[in-house]
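Keep the viewer open as you read.

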Amino acid sequence: METTKLPPSSPSSPTTSFSVPSAEKVDGFPRRSMRRARQRRSHSSSQFRYQSSQVELTPLPLLKDAPVAELHDLFCKKLQQCCVLFDFLDCVADLKGKEIKRAALNELVESVATSRGVLIEPLYPEAIKMISVNIFRTLPPSENPEFDPEEDEPTLEASWPHLQLHVCNYMCVNLVSSSPQLAYCVVQFMEKDATVTEYIIRGLLKYWPKTCTQKEVMFLGEIEEILDVIEPSQFIRVQEPLFKQIAACISSPHFQVAERALYFWNNEYILSLIEENCQVILPLVFATLYRVSKEHWNQTIVSLIYNVLKTFMEMNSKLFDDLTASYKVEKQKEMKRERERTELWRGLEEHQERRMQMLTEAARNQRNLQERGERGDPPTPSSPQTAHSDQPEPKPSGASSSSSGGGESAT
């Protein structure tokens with residue numbers, strides 16, 4: 001397939017990505033011009049990669065008029081055209097190029113929506129590249145360091161009316177709360193191609209938040225939106241890692257995380273998927289549900305867990321009873337192991353205490369012996385040295401001489 005290569009272009013620097021009006025060029029106060037430039041720069045992010053001055057777009061034939069043999073080649077060229085970025089802060093700059101790109105985007109969206117087989121596998125890399133170049137960008141610096149998303153006006157992206165043609169026709173311009181819209185886009189991809197579901201869910205599980213409970217709640221909401229449209233065949237492929245993570249969320253001490261995870265059982269479609277795969281899912285979450293129902297501090301969570309356990313019991317009473325008996329046996333074993341561990345540590349602590357007492361006693365005796373030696377006192381029979389000495393005790397000189405004298409007289 002032949003493709004048209006666009007000339008290489010490099011992003012302009014942030015300080016030169018805007019046009020200075022002629023009135024500003026003759027202004028004798030350059031500080032005012034720079035101040036205006038800085039204020040203008042803080043309203044958008046697309047201008048940081050503005051590159052339209054290096055690339056001039058030319059209209060291409062319409063996709064609907066292209067021969068079948070040339071359709072995919074023309075589709076690829078239009079994707080490459082849409083990779084060109086423009087400065088939307090300047091409303092009158094590059095009007096021709098902006099209109100060509102807007103028309104190409106509309107054509108691409110309409111073609112994918114109405115024609116079958118136009119988006120073939122070799123075109124996917126170009127499509128992903130085009131979306132990435134336009135959608136993923138640096139957020140603009142905030143003019144208000146104390147920005148409150150609930151009270152203050154949102155930061156607006158100047159080029160968003162142009163960018164929204166990529167994915168959804170009603171995406172909101174609020175860059176602070178874009179997660180629901182992104183989740184909607186993901187769902188749209190899944191409806192086009194169900195095989196991407198496994199990659200999406202495993203990707204979310206891979207980057208699951210560890211310390212931010214607000215993000216955990218957001219991830220759980222996005223997972224539920226995905227499960228709302230998941231195919232049963234795809235659900236089977238992700239049910240084990242998915243419900244292991246859900247079980248971990250149920251055991252979270254933060255009640256909002258646990259509550260959001262338990263709300264999955266209020267969704268009728270998800271509940272039907274769980275019921276069809278109860279043999280796999282129930283063993284994954286049963287121990288967590290049973291334990292948290294006895295230990296969680298929040299009574300609302302405990303009530304929700306009781307409802308979930310009741311639902312599982314109605315789904316498969318035999319499996320539920322088997323898991324209950326197994327859990328109790330494992331709990332008894334765990335308690336026995338805990339007792340043995342406690343007794344082992346107690347024995348080690350007692351042994352250490354006796355050892356420390358012996359060392360302390362030996363150190364005290366050694367210190368006493370050194371003090372006697374310094375004073376010149378003879379060692380007492382009770383001292384450790386005399387008790388364990390291998391040398392014979394010294395005899396008095398009188399006794400020695402009398403003994404020797406007695407020997408000589410006997411001789």
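Leu60 sits in the loop that links helix 2 (30-41) to helix 3; helices here are DSSP runs of H or I with at least four residues, strands are runs of E with at least two, and numbering starts from the N terminus. Because its relative accessibility is 27%, Leu60 counts as partly exposed. On this scale, buried means under 20% relative accessible area, exposed means over 50%, and partly exposed lies in between (1.4 Å probe, protein chains only). Not counting residues up to four places away in sequence, Leu60 touches Leu74, Lys77, Lys78 and Gln81, where contact means heavy atoms within 4.5 Å. Its C-alpha atom is separated by 10.0 Å from that of Phe75, 15 residues apart along the chain.

A word on the model itself: it is predicted, so local features need pLDDT of at least 70 and side-chain atom pairs count only at pLDDT 80 or more, while totals for chains, interfaces and linings use all residues. Residues are numbered from 1 along each chain as its sequence is written, and side-chain values use heavy atoms, leaving out hydrogens and water.

The protein chain has 17 helices and zero strands. Of its 411 residues, 35% are buried. Among contacts with a separation of 6 or more, 69% are between residues 24 or more positions apart.

How do helix 3 and helix 4 pack? Helix 3 (residues 68-81) and helix 4 (residues 95-114) have axes 9 Å apart, at an angle of about 135°. Axes are lines fitted to C-alpha atoms, for helices over the stretch in contact, and angles run from 0 to 180 degrees between N-to-C directions. The two helices are therefore oblique to each other; under 35 degrees counts as roughly parallel, over 145 as roughly antiparallel, 65 to 115 as roughly perpendicular, and the rest as oblique. From helix 3, Phe75, Lys78, Leu79 and Gln81 meet Ile100, Ala104, Glu107, Leu108, Ser111 and Val112 of helix 4. The residues of this contact divide into six nonpolar, two polar and two charged.

In the loop between helix 3 and helix 4 lies Asp94. Asp94 is not a glycine, yet its phi is positive, at about 55°.

| Residue | Relative accessibility | Class |
|---|---|---|
| Leu60 | 27% | partly exposed |
| Asp94 | 28% | partly exposed |
| Ser293 | 7% | buried |

Ser293 belongs to helix 13. Beyond its neighbours within four places in sequence, Ser293 is in contact with Val302, Ile305 and Tyr306.

Which residues have the most contacts inside the largest nonpolar core? They are Ile201, Leu227, Phe243, Trp265, Leu289 and Phe312, in a core of 46 residues. A nonpolar core is a set of buried Ala, Val, Leu, Ile, Met, Phe, Trp, Tyr and Cys residues joined through side-chain atoms within 4.5 Å. Elements giving two or more residues to this core include helix 8 (197-206), helix 11 (255-262) and helix 15 (317-375). Leaving aside neighbours within four places in sequence, Phe312 contacts Trp265, Ile274, Cys278, Ile281, Leu282, Val285, Leu289 and Phe320. A second, separate core of 18 residues includes Ala66, Leu74, Cys83 and Met130.

Helix 11 is mostly covered, with six of its eight residues buried: Val257, Ala258, Glu259, Arg260, Ala261 and Leu262. Their cover includes helix 9, helix 10, helix 13 and helix 14.

Conventions: Ala, Val, Leu, Ile, Met, Phe, Trp, Tyr, Cys and Pro count as nonpolar, Asp, Glu, Lys and Arg as charged, and the others, Gly among them, as polar.
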